[in-house]
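Please keep the structure in view while reading.

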Amino acid sequence: MNFHQYYPVDIVNGPGTRCTLFVAGCVHECPGCYNKSTWRLNSGAHFTPEMEAQIIQDLNDTRIKRQGLSLSGGDPLHPQNVPAILTLVRRVRAECPGKDIWVWTGYKLEELTPAQREVVDLINVLVDGKFMQDLKDPALIWRGSSNQVIHYLR
Ligand code: SF4
């Protein structure tokens, strides 16, 4: 998996203070996409074991308390990202007690494959669906267009 940005302290992408990772790779090609540079899977930089360890360490850093981890992109549930994302969310669940995980994807919850579903079974919140320009509403929180749904899963 490749990624574009990692913010160790972020107050914009999800509730509270968070760690946020923007991964590379998205097949949805939504007109008006705010993050076109992330579409190619091989764009950005390689997501290394060191980066994974850094995220775990940041989530457990008691000097700046984080509510959890946000995974966006690109699409964290792009089939080629799923193995690395699954490893990461498993580690967060096992090693970062009390931290929540939010994931943004262009897929709809009901159309996920069993592999994508494995990730979703471990997270707290899924914001799903493509960005649709004609349903864009700047007043919406945590989503860009009104077709997207915030699923509170646990
Ligand atoms: S799902 Fe997100 S990243 Fe992918 S094309 Fe749509 S808006 Fe852009």
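Two strands count as paired if DSSP finds at least two bridges between them. In this predicted model, that criterion applies to strands E4 and E5, which pair in the parallel sense over four bridges. Within this pairing, Leu 69 stands opposite Ile 101 in E5.

The sheet as a whole is open and has seven strands, in the order E3-E1-E2-E4-E5-E6-E7, with mixed pairing. Its edges are strand E3 (45-46) and strand E7 (149-152), each of which pairs on one side only. Strands of a sheet pair through backbone hydrogen bonds, either parallel or antiparallel.

Both senses of pairing can be followed from E2. Towards E1, the pairing is antiparallel and runs over five bridges; here Tyr 7 has Thr 20 in E2 as its bridge partner. Towards E4, strand E2 (residues 18-23) is joined by five bridges to residues 68-72, and these two strands run parallel. Cys 19 stands opposite Leu 69 in E4, and Leu 21 has Leu 71 in E4 as its bridge partner.

How many of the residues of E2 are buried? Six of its six residues are, and the strand is mostly covered. The cover extends to both faces: Arg 18, Thr 20 and Phe 22 are buried on one side, and Cys 19, Leu 21 and Val 23 are buried on the other. Strand E4 is largely enclosed by the rest of the structure, because five of its five residues are buried.

Part of the packing on the sheet comes from helix H1 (residues 49-59), which touches strand E1 (2-10), E2 and E4. The direction of H1 makes about 160° with that of E2.

Gln 5 and Gln 57 are 52 residues apart in sequence, and their C-alpha atoms are 17 Å apart in space.

In soluble globular proteins, nonpolar side chains tend to be buried together. The largest nonpolar core here has 29 residues, and Val 103 and Ile 123 have the most contacts inside it. At least two residues of this core are supplied by each of E2, H1, E4, helix H2 (82-95), strand E5 (100-104), helix H3 (114-120) and strand E6 (125-128). Helix H2 gives the largest share, five residues. Apart from its neighbours within four places in sequence, Ile 123 is in contact with Val 89, Ile 101, Val 103 and Leu 153.

What remains is the ligand. Which of the 13 residues around the ligand come nearest? They are Cys 26, Cys 30, Cys 33, Gly 106 and Phe 131. By type, the residues of the shell divide into four nonpolar, six polar and three charged.

Technical notes: Residues are numbered from 1 along each chain as its sequence is written. This is a predicted model: local features need pLDDT of at least 70, side-chain atom pairs count only at pLDDT 80 or more; totals for chains, interfaces and linings use all residues. A residue is near a molecule or strand if its C-beta atom, placed from the backbone, lies within 6 Å of it. Ala, Val, Leu, Ile, Met, Phe, Trp, Tyr, Cys and Pro count as nonpolar, Asp, Glu, Lys and Arg as charged, and the others, Gly among them, as polar. Two residues are in contact if their C-beta atoms, placed from the backbone, lie within 7 Å. Axes are lines fitted to C-alpha atoms, for helices over the stretch in contact, and angles run from 0 to 180 degrees between N-to-C directions. A nonpolar core is a set of buried Ala, Val, Leu, Ile, Met, Phe, Trp, Tyr and Cys residues joined through C-beta atoms within 7 Å. A residue is buried if 20 or more other C-beta atoms lie within 10 Å of its own, exposed if 12 or fewer, and partly exposed in between; C-beta atoms are placed from the backbone.
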